[in-house]
Structure formats: structure tokens, C-alpha cells
Amino acid sequence: MNSLRDEFVDSTVEERRLKENREHTKYWYRWGPYLSERSWATVREDYSFNGDAWSNFPFEHANARVFRWGEDGLFGVSDNKQLICMNLALWNGKDIRLKERLFGLTGPQGNHGEDVKELYYYLDNTPTHSYMKALYKYPFKKAFPYEELVEQNAKRGYEDKEFEIIDVDGLFKDSKTEDTPYFDVFFEMAKNDQDPDDLNFRITVHNRSTTDAGELYVIPQIFFRNTWAFQDPNDKKKGNKPHLQRDPKETNLVDVLTDKFGKQQIVFQPSPGGFGNEEENSNVEDIEPTLVFTENESNLKKLFDEKKNPTEFTKDAVEEFVVNGDTKAVNPKNEGTKAAAIYHFKNIPPGEYVTVRYKFTDDFENTIYHADDIAVVDEDVFDMTLDDREEEADNFYWRITPLPINDELRNIQRQAFAGLLWTKQFYNFIWDNWYNGDKAIKPRPPPDRANGRNKNWKHLYIQDILSMPDKWEYPFFASWDSAFHCIPFAMIDPDFAKSQLDLLTREWYMHPNGQIPAYEWNFNDVNPPVHAWAVYRVFKIERNLYHREDYVFLESVFQKLLLNFTWWVNRKDTEGKNVFEGGFLGLDNIGIFNRSEPLPTGGTLEQADSTGWMAFFSLQMLNIALELAKKNPTYEAIASKFFEHFILISDSMSFEYVDSYDEDGEVAKKIIKQNLWNEKDSFYYDAISWGPNNKEQLSIRSLVGLIPLYASMTLEPSILAQFPKFKKRVEWFIENRSDIFDRNIASMDRKGVGERLLLSLVTKDRLKAILSKLLDETEFLSDYGIRSLSKYHEKHPFEMDVHGQKYCVKYLPGESDSGMFGGNSNWRGPIWFPTSFLIVESLQRFYLYYGAEFKVECPVGSGEFLNLAEIAEEITYRMIHLFVADENGERAIYYGDHSKFLSTDPHFKDYISFFEYFDGDTGRGLGASHQLGWTSLVAKWISDVGLSCVRLPRTPRSSVSASSYFNLTETSSPPSTTSPLTTYDSRPGRWARRKSAKSLVNFTANILELTEEEKKQHKAGAPKTPRGSVASGKSASGSVDPDRIPSVHETETRVINDLKDEINDLTLNKTTSDSESLKELYTS
């Protein structure tokens, strides 16, 4: 099967583009969706004395005030330094302002912090942005409810649900008439197949009303980020100011002039003016765009009552011209630094659509044609370019996941990847200019600006394309978020994934002391140390999917992570006991106190999660060191160092040494129990320490006690044989420090399946104890994944009284009930993807050691016993089903009053929102609605288990047996399936096939990106299970010339279809082996 898979590596046109980008023959990354969705009210734009970023630059200023650090806009596209920017503006004739950026509430305005209040969806995108597609839903019968959204949310408290835009009756659906009076605005961009700088844009607007026509202005805009106002006037490298001007002959053509790119042009094609068929529209005139020009400069007179503006024409001129009819607001000379093409559709009938096309290109001599006073493009060629790019995107994503998963899962995965790519952003932050101000701008920022925020990060000099968690709610990088983003990124664009991980360790990001910056609100905050894990994971994914081993990347980042590890050891282990502090560690309000501030009780917080994270960090560094030792034996010694670190941290999780004295008065070490593992509760807890023998446990059952599971690693016999120096050091520890192993690393001298060794913080008994809570549906296990806080605390809240003030932690499945960390996230019950992803991986690693015979009850009380690989798969299924429609067609993520409409309406049902976190009981999506960073991890899971995820939607294993649910007996035969490409079917009777233990070894090994040799070793140690016949497929035909990309569209399609035929020849029937053959086609 390897030869089949190898044949299709780099077989698609999109992969060829990535190769050209990697080899620097063409720069496909130059243009992309790099504008933010919110630049206002960010830390970078905050020039206040007190650090009140929300108030210093409000939404109401954004249309008329210049941004210093970066532009924003609706479906914004720019070059990779955000010099030339393009976005889309809309106006329905009723709103008080242009819809040119997304609206939402600030942190203080929202009852659960900041929140975007719009309906929009990312539908498609490719790694090179050769094709992009998105959807914005714009109401037209009513004005956009800016004030109502602010006022209604102001009336609500922490205990209330948020007031959403979908709650406004008549906006997207009228409760009386059932009509849907809004426009679906589809945005598409496609690059020329030969020229990465030739961009084709198409806006398609559908009127979704069945009764009412609507008016609409469609206004594509092009402008330059204002860099000239902030440049030092004495800078000799200042250059010329960029310039836009209407062509002297063609009224719809704009010259774009910059020092960097030279001359480019953008042409706005007339839009067809009629509706119905072509014969009916033969005499209907086109909709000609009106071009207007202004400057990207602030309107200080409007905003601050100043007497004079920097220039006569200002940033808000387009809005003044369109919304307020002020024709004097725009430049009559048709030139400036901002331009717009105004298409006015006076009456779009119900059910009809309109199309706007425009093209930005550097090859204007060959792609733009001239007729009288107008420039035109060949619309047939134009539309074919978009259609070809979309089909190439289809082929690329099918190549990424060629398994015959159903259409529902494929749609979810495709949109997850699309959103991940759409949330790239140009991030601009130069500390010196930000903190001290620009020489050309007076007055300078106040001394110790923003209360001294980030004042010790003087080295930061960032001007890069970065992956954002969410370009509206979190339009800034967050280091631990970025690590998780890189896992799905590695599946589709490992080069970009590697660049992200590398950047955060470069000298213009990482602090000289080794700390990785957290996020712009406070770069000093501490995120979990997941960077090393992500680095090695990305390395392995690229090796397995693309057959490339980038040891240069691995070694380069590893060297810098040594600094980061040293920072953790020196700064977060204050007493040198290998028990770590860390602060909030990304888990915001999970503790009873704010863990980033001094404890009100005094003392030091010894954190089970921080210590668990450091053990995890040690093992990941050990993994990388052993990988690098294959090429350079020097790393054997470094591997030994991290082995020792792990052993010492592991011991410290359960035991502590204090000085005692023997009969002769000599100092002796005495072992006492450490308060991180609780023997009675069989769980890990944080503890407050006031010195030796004076500690108090905080008995809160939360993710804090599950994180120690992450620190696990199997050592293969072949590894020890390959690295004799490392093996010698391991054997020395086993022989000379046997006391440590006897206490809490029982697996080190007792071999597991395949004679492998296990490094783990938890013993087998502790693993069973933790799993008894993890898999209990009255504690951590939800129908939709793993809760961040046990449901036990719903009836048993943890409380403390400190100096008369009461502190309490109780189970909150939904939003937070306090303003801790802004109140916009909650780790006291909801389900989160990043932490669950690591739990699943941990269970898979434990399975490789303990094998198929180690089983526990899942769920607790069900009477069904599963091995750890099956449990990992079960958790994965549950979380995938957050997004999958149930038997009624409804998705858990939309649970609530509008679930049926959002899940079943023909113009909503196929669009997915990827929320930040999810209700621990109902699965309702919470927090940021476009958290396509770590929530896109679902795309990886769909690729891993999508083939076997055939159980009825939203029907996880429970205390009710599956056979009774499906009305099947043990002797019943599963329903036959005629084709592995069967589309999604929510009818009862779908059969979840069990897999043999040997198959689970192979499947789990693939998910963990093990090498072929490692897979063989695990298979060799697996329990022997007879195998059935494996359906074989015919040889794939056709190959693609790797040296050419033009006209390979047809060739690519043929190659992909060959592979589809190969899989279609494999028929799913009643036997397990046939199901396995499909997996092996992709995974072996």
C-alpha cells in the first residue's frame, strides 16, 4: 500500500504550488487573507496612560481613524506586509454606516466579555490561497441593530446567556411570516494558475427572501496601510508615498503605484443588470461601477473636534459619499491612497442573485482589454479560473483525506481547514515604536504607557504572517494556541506549520532569558510548554504524509527550546524541588484563586498541572533528542539529561524529601508524602505550601489532575539498542536509583507489550483510578467529550474562606459566572479541544504499552469494557459529533432556541461555526465563534477516525447498550453497504464495526505518526488475532510530470479519480478485514 500512497504524494496542483513556494521559484504566499477582522480596541492601538484598550480606540472610530499597526476589514486580502489592502463594503440603504468591518461588543460591553455579533462562515481556502471562499449574511429589511445588541447585552449578567444577532426577530427570519429577508454574500478569490500576483475576485449575492426585493450597494475597496504618517522624516529610506489613480481613459480601471511592486492595475468589471434568462435581459443595461477616491488619513475634525485634518480627504469619505450623500467628501481628481468601486443594485428580486467581478494584476497588458472608455476582462476565462481553482481545491483536500468518509464529515473537515487558513493575519508590533512613540507623531505616548504593560519586552520586532486563534476576538498570537494550530496545518502545509513554530523561538520573539511571549495583553503570562510537543508532532506528520524529514528544522528549534526549558527550571521551580508553579497556564479561571496573582492565603501554589506539563516537556525534549541522535550521536547525552529530568519530576509529583537526623545527629533524608497526589481521592490536586510539612490540598477535580496523564512515552527495545550510551544511563538509573522506580515508575523494569518500556507520571493503579473519574458520565465524561471540571462539583462545590472573603469553585457547564480573565472563557466545566486532544494522545500511547488486554469500564456503570485505544476513539467520536447533525438534523453546537433553524434551514444547515469551547452538558458552542485555531483539531480527528465514525449522530456509548438502541441483537447482521463512498445517513441501523486488536495497533500507531519500523515493532508485540482477507485494489494509473504546472488541471483530476476508483473497488461488507483494508490503503 505504501507504493500506492507514495504515487500520489505531490500529485495535486496545489502541492506543486507549495513546492514552488518552498523552492522559491514562485511566491504563492505573497497574497492572502492577511487583514485582521478587528484592529480597533487592540493593545497595539492603545495609546492610553492606563491601558484601557477597549475605550482608547472604539469601534465608532474605526471608519474614520487611521490604524497604526494593521488594517482590518470584511474578507480582507493583502500582501504579506499589508502594504496593499483590499476588502469588501456593503450597504443596504438602511444602516447608519457602511458594513466594511465586523461588529461586536467590547470586553466591558459583553456580559461574557468581547464577542463578535455577526453571521459569517469560512467555506474554502487552500494553503497557497490559490482559492478562497467565504460567506457573510447581511440583513436588508431591517437596519443592522448596532444599538440593540449593546443595550440588550448590557441588561444581562454573568448568569444569563448572551443576546445574539440571531435573537433579533425579522433580521434573518421573521417569526410571523417565516420569511428570511437577508442577502447571502459569497466572496471568492482565485489566483492565476501561472501568476501568483494575478488575483480574480467574484462577489455573488443571493436574496434569500421569498417575498421581498432588496436594495444593495456592493463596494470593493483598495487602499494602502498608512505607513507614511509614522515614518521618520529624516529617514533616507523613506521612499515615495504609494498612489492610486483612475486611468485617464477607462473609467473602471485604477493604477496602483508602489515602490515595492511597481505598477499594478485593478479593473472593476460591469455587472450584469438583468434577472432571469439571457433572452429576457438582452436589452438590460449593465450596472456600471462608480469609482471614488480619498486618503487613508484620520478625520480628526469629526473624532476630536480638531480645527484641521492632515489632508482634505479622509478615511471615512466612502461612507460619507454612499450613506450620507456627501459628494464633496471624495477627491474629484480621482486619486489618493484609498479607492472604492460602488455597484448599486436598486432592486434585487426575491430568490435572485447578482454578480460582481474584479481583477487585480501585474500582468495587465495580457489580461485586461480596452474598449472605448472602459476596461474589460474575458468573463468566460475569469469564471473558468475560479472554477478550476475550486476543483483543484477539491482534489487537494481529497488527497489529504482519501478515505471514504461520508459527505457530512468531509464538509466539516473542509470548513475547519478553510477557517484555519482564513485566520492567518499580518501581525505588526515593534516594541520601541509602540512604547516610545513614532518620531513623526506628536505628542509622544505618556510615560510608562498602559501602566507599563510589556515594558520588559524591548526586543520584540514582529512583522510576520501568523496564525491567529480568531481574527476578531483574538486578533493576536497566543503561543500555546499556535502550537495546536500547527497540527492541522502540518497536514495541509507543513512548511507554514514549521515557520510558525520556528518564529516563536527566534530572537525577535523569545525573550533573552528564554521565555516565549504569551499574548499581547501580557507577554509575561505563562502558557503551557507545548512547543516541543508540537515541533516533534509536525516533524512526524510531514514525514508520514509527505515523506520529508526536516532535521534542520527539528535541530534548529530544539536548540532554542533548550533555552526555554532552562527558563522554566530557573523561574518556575523557585525552591528547586522539581515541583513547579506557572500561573494560569492558559486555563484562566480553573483555580479557586487567580493563579497569576499572589495568593490571598500567602504561601506558594504548587501546581499539579504545571509539574505535569514540565514532565511532558521533558519527555518531548527526550523524544527530539533521540530523533536527532540518529544523525548526530552528541544528542545521546542530551537525551540522558532529559531522561533524568523526567525521573526527578516524576518522583517529586508524589514524594518530597526533608532533612531529618539519625541517632548520631547526622543529617539524613526522610521521605514524606507530597500533597499533589491524594491517596484517598486517587487524584492529583494543587497544593498551597507554607514550607515543609505545612501544606493544604485544594481538592478540586479538574483538568489540573488530568494533565499528568500527558507525560507518557514508550521506549522501544530498538531505541535502547541503537543508542548504547543512552541505554547505559537508563540501566544505571534502574540499578542505582531503584527506590524511585519502586515508588512510582513501576513500568521501567517491567516490560510491556513488545518488550517496550514506559516512562509515565502515573502508575498502572493510578491510571485506573484516574480513568474511573475520567470515564464517569457523572464526573468528566460528557456526551460530547471531556469536561474541564468534574460534574461532581455541581452538587459539591469547593469553598474556602480567606480573611472573611468566600471563594468558590462549582461546576459551570456553560459560560463563566465571573469576570476573571475578562469572563470570556470558562474552564469550570465546558469541553475544550486542545486539552482533550492531548488526553486522547495519552490514552493511545498507554495503549501501545499496555496492549489490548488492559481494559476498563467505559462509560463507568455501562458494563462495557474497552481497551485504551477504543476509549481514545470513543472520546474522539463524541467530540466530532459536536458538529454532526443528529437524527433530527440538528447540531449540538447550535443547541438552544435557534437550533432547528440554524441546523435545518437550506441556507444555513451546511455551514459550521467552530466555537472556542462547548457546554459540558449540551454541547452548545461558547466563547469565540470562529476559533479556527485549536478547534480545527477536529480536522485531524476526522482524518484519523472518520472511516469508522459511522455510529448514529449524537449516540455515544452509554449505560444503554448499543444493540438495544439500534434494535440489533448479538446475532443480527449489520446492514449491508454497497459502496464505501456512501453519503451521510442518519437513519437508525448504522453499524459501528469493531476492530481487531492488531488493527488498533496499526491505527493507533498511524494516528501518532510512528515510522514504518516503529509500527512493525508495535505489531510484533500485539496480541495475535487471526486476520481475514484483505480486499486488494487495482494499480493506480497515470502520473504527473513534476516539472510543470500549467494545464495540469485535467491531469490532476485524472490522477485523483484513479485513486478514487482504487478505493471504490474496495467494498465495505460484513467483515472487519474489509474495513481494515480501506484504512491500510491510507494508513499503512
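The questions and answers below concern a predicted model.

Reader: Which strands stand at the edges of the open sheet of 9 strands?

Author: The order in this sheet is β6-β7-β8-β9-β17-β13-β12-β11-β15, and the pairing is antiparallel. An edge strand has a single partner, so one of its sides is left without a neighbour in the sheet. The strands in that position are β6 (120-125) and β15 (335-336).

Reader: At about what angle does helix α8 run to β9?

Author: Helix α8 spans residues 379-400. It lies across β6, β7 (131-139), β8 (182-191), β9 (199-207) and β17 (353-361). Its angle to β9 is about 90 degrees.

Reader: Which strands does helix α9 touch?

Author: Helix α9, residues 407-422, packs on the sheet. Its direction makes about 95 degrees with that of β6. The strands touched by α9 are β6, β7 and β8.

Reader: Is Ala393 buried or exposed?

Author: Ala393 is placed in helix α8. Not counting residues up to four places away in sequence, Ala393 touches Asp124, Thr126, Tyr131 and Arg414. The cut-off for a buried residue is under 20% relative accessible area. Ala393 has a relative accessibility of 1%, so it counts as buried.

Reader: How many Å apart in space are Ala393 and Met132, C-alpha to C-alpha?

Author: In sequence, Ala393 and Met132 are 261 residues apart. In space, their C-alpha to C-alpha separation is 9.3 Å.

Reader: In the open sheet of 6 strands, which are the edge strands?

Author: Here the order is β1-β2-β3-β10-β16-β14, with antiparallel pairing. An edge strand of this sheet pairs on one side only. The strands concerned are β1 (31-32) and β14 (290-294).

Reader: Which residue in β16 is the bridge partner of Phe293?

Author: β14 pairs with β16, residues 338-348, in the antiparallel sense. The pairing of β14 with β16 runs over 5 bridges. The bridge partner of Phe293 in β16 is Ala339.

Reader: Which residues make up the uncovered face of β33?

Author: In a regular strand, side chains alternate between the two faces of the sheet. Strand β33 covers residues 798-802, and its covered face holds Phe798, Met800 and Val802. The uncovered face holds Glu799 and Asp801.

Reader: Which residue in the hairpin of β33 and β34 takes a positive phi?

Author: β33 is joined by 5 bridges to β34 (residues 805-809), and the two run antiparallel. Across this pairing, Met800 stands opposite Tyr807. The hairpin has 2 residues between its strands, and the residue with a positive phi, near 55 degrees, is His803.

Reader: How many charged residues are in the lining of the second largest pocket?

Author: This pocket has a volume of about 950 Å³. Its lining has 34 residues, with Thr227, Gln231, Asp235, Lys238 and Gln463 nearest the centre. At least two lining residues come from each of β20 (424-430), α10 (431-436) and β21 (461-467). The lining divides into 9 nonpolar and 11 polar residues, while the number of charged ones is 14.

Reader: Which residues are the closest to the centre of the largest cavity?

Author: The whole structure has 18 cavities of 30 Å³ or more. The largest cavity holds about 400 Å³ of space. It is lined by 22 residues, and the closest to its centre are Tyr536, Lys540, Asn623, Thr714 and Leu1010.

Reader: Which element gives the most to the lining of the second largest cavity?

Author: The second largest cavity has a volume of about 130 Å³. Of its 14 lining residues, the closest to the centre are Ser479, Ile516, Asn527, Pro528 and Pro529. The elements that give two or more residues to this lining are α12 (479-492) and α15 (551-571). With 3 residues, the element that gives the most is α15.

Methods. Residues are numbered from 1 along each chain as its sequence is written. This is a predicted model: local features need pLDDT of at least 70, side-chain atom pairs count only at pLDDT 80 or more; totals for chains, interfaces and linings use all residues. Side-chain values use heavy atoms; hydrogens and water are left out. Two strands pair if DSSP finds at least two bridges between them. Helices (H or I, at least four residues) and strands (E, at least two) are DSSP runs, numbered from the N terminus. Contact means heavy atoms within 4.5 Å. Axes are lines fitted to C-alpha atoms, for helices over the stretch in contact, and angles run from 0 to 180 degrees between N-to-C directions. Buried means under 20% relative accessible area, exposed over 50%, partly exposed in between (1.4 Å probe, protein chains only). On a 1 Å grid over the protein atoms alone, a cavity is a set of points where a 1.4 Å probe fits but cannot get out, and a pocket is an open set with protein on both sides within 12 Å along at least five of seven lines; lining residues have an atom within 4 Å of a point. Grid points are joined across faces, edges and corners, and a volume is the space filled by probe spheres set on the points. Ala, Val, Leu, Ile, Met, Phe, Trp, Tyr, Cys and Pro count as nonpolar, Asp, Glu, Lys and Arg as charged, and the others, Gly among them, as polar.
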